[in-house]
Every structure is written in C-alpha cells, then in structure tokens.
Amino acid sequence: NEGRLARSLRGHQVNVGSIHYHPYGEFIASGSADTTMKVWDVRQKLCIQTYTGHQKEVTCVRFSPDGRWVASSAKDGLLLIWDLIAGKLISTITLAPTHITNFEFNPCDLLLAASTANKAVRIFDMESMEKIGQTPAETGNLKGIAFCGENATNVCAATGDSLKAWSWEPMTSLAQVQVGWDRVADMKVSQEGRLLAGSFHSNFVSIWDINLSTVL
C-alpha cells in the first residue's frame, strides 16, 4: 500500500532467477544460480529448508497446486520434485542434453507443462512421471508458459513475437497469434480466463492483456 520495502530474505550466494508463492501459506520458494532452491517463511523472514541436488543454475521453481510438492528445474537438465513436508526427493526427470527454462503445474489435473531450451513444449504425467506429449521445435526461444482454456485443458507458450496454444492427447496446434512483445519474462492466466504477461526492454516494463477465449 505504501510502495516501500517490507522485508528482505537473505541467504542465496548469487542472483535469484525464479520465485513462487505457496498457494495456501506465507511461504516462498526461490531458485538461484548457486544451484540451490530455498523455501522461506515470509512472516518470520527465515529460510526453513534448503534443497540441493542440482549441479548448475536453477531456472524455475514451483509449488504444486495442492501445496504438497515443490519442484525445481536447472541447466543441468534435471527436474527435481520434492515432498514439501518431509523434505525428501520423490522424483527426478532427466531432460539432458536439453533443460527446462520454465514450467507450470496444471491446476486441475496431475500434469506439468515445461518449455525447454531446444524450443519445444513437453507435457508430463505426474502420476507416472512420464512424458505424454511434445510439440515440434519452434524457430524462436520459448519464454512464458501457462495452462489455459476451460478446466485448463490447453497450454499456451510465448515466443519472441507470438502466443501459441496447443491441446494434448495428441499434441495439436490450436492457435497462433502475433504479439508485439519483446523479451517476455513471465505470464499467468487470471481467474477470469485472461492471460497477463510481462515483458521488458532496457529499463521499460510492459504488461500485456490477452483475451484467451477469443484466441482459442
């Protein structure tokens, strides 16, 4: 409300590249180029758990929608999924020689969508931990990724100049819309079904609002 710094969470050795809020509590997960993921109690300003297991820079961290898991991807080509309460590793998905740049859990189903450095989107079944779909490689890098559509049955991804949407089982292209954004940093789907994306260029930040029902 006052536009001032409320608190700082200190503990990573170098820059932080990804953060995510827990869906049901005052906790944040953070991933860093120091190869670790940390979970923080925001109110107490304390690190309550440090997760190690990656050998290279962490690219993305996410809590599962039910709040039971926390996952991290890194440039070592691994996706690590942890039991948040027990603090134990429960699954490892290997993508080497490529790696995940961004991923999201499906809010309505046990699925995970990931954009990779080889410019493709992969869909994973979280019960079997197996890949169930993959898009052809794009010409440009994939940035933001989000589940979209009614009951989150589609997945959207941003390239440098467009928004693309697919369904799975099998992977089928649904739509491609040219968008003038540059250097998309992240995007989310609102409860009203609109896509909000943030991009940046130099010292300017732009916010994009896209009506997904029109796109799909």
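Is W181 buried or exposed? With a relative accessible area of 2%, W181 is buried (buried means under 20% relative accessible area, exposed over 50%, and partly exposed in between, with a 1.4 Å probe and protein chains only). The model is predicted, so local features need pLDDT of at least 70 and side-chain atom pairs count only at pLDDT 80 or more, while totals for chains, interfaces and linings use all residues. Residues are numbered from 1 along each chain as its sequence is written, and side-chain values use heavy atoms, with hydrogens and water left out.

**View 1. The aromatic pair of W181 and W208.** The structure holds four aromatic pairs, where rings of Phe, Tyr and Trp (its six-membered ring) pair if their centres lie within 6.5 Å, and planes under 30 degrees apart count as stacked, over 60 as edge-to-face and the rest as tilted. In one of these, the ring centres of W181 and W208 are 6.1 Å apart and the planes stand at 80 degrees, so the pair is edge-to-face. The pair links distant parts of the chain, 27 residues apart, with W181 in the loop between strand 16 (172-178) and strand 17 (184-189) and W208 in strand 19 (residues 204-211); strands (E, at least two residues) are DSSP runs, numbered from the N terminus. W208 counts as partly exposed, at 26% relative accessibility.

View 2. Strand 18 (residues 194-201) pairs with strand 19 in the antiparallel sense over eight bridges, and F200 stands opposite V205 in strand 19.

**View 3. The disulfide of C148 and C156.** The count comes to one disulfide, defined as a pair of cysteine sulfur atoms within 2.5 Å. C148 and C156 form this link with their sulfur atoms 2.5 Å apart, and with 85 degrees about the S-S bond it is right-handed. C148 is buried at 1% relative accessibility, and C156 is buried at 0%.

**View 4. The cysteine C47.** The sulfur of C47 lies 18 Å from the closest cysteine sulfur, in C60, which is too far for a bond. At 33% relative accessibility, C47 counts as partly exposed.

Terms used. Helices (H or I, at least four residues) and strands (E, at least two) are DSSP runs, numbered from the N terminus. Two strands pair if DSSP finds at least two bridges between them.
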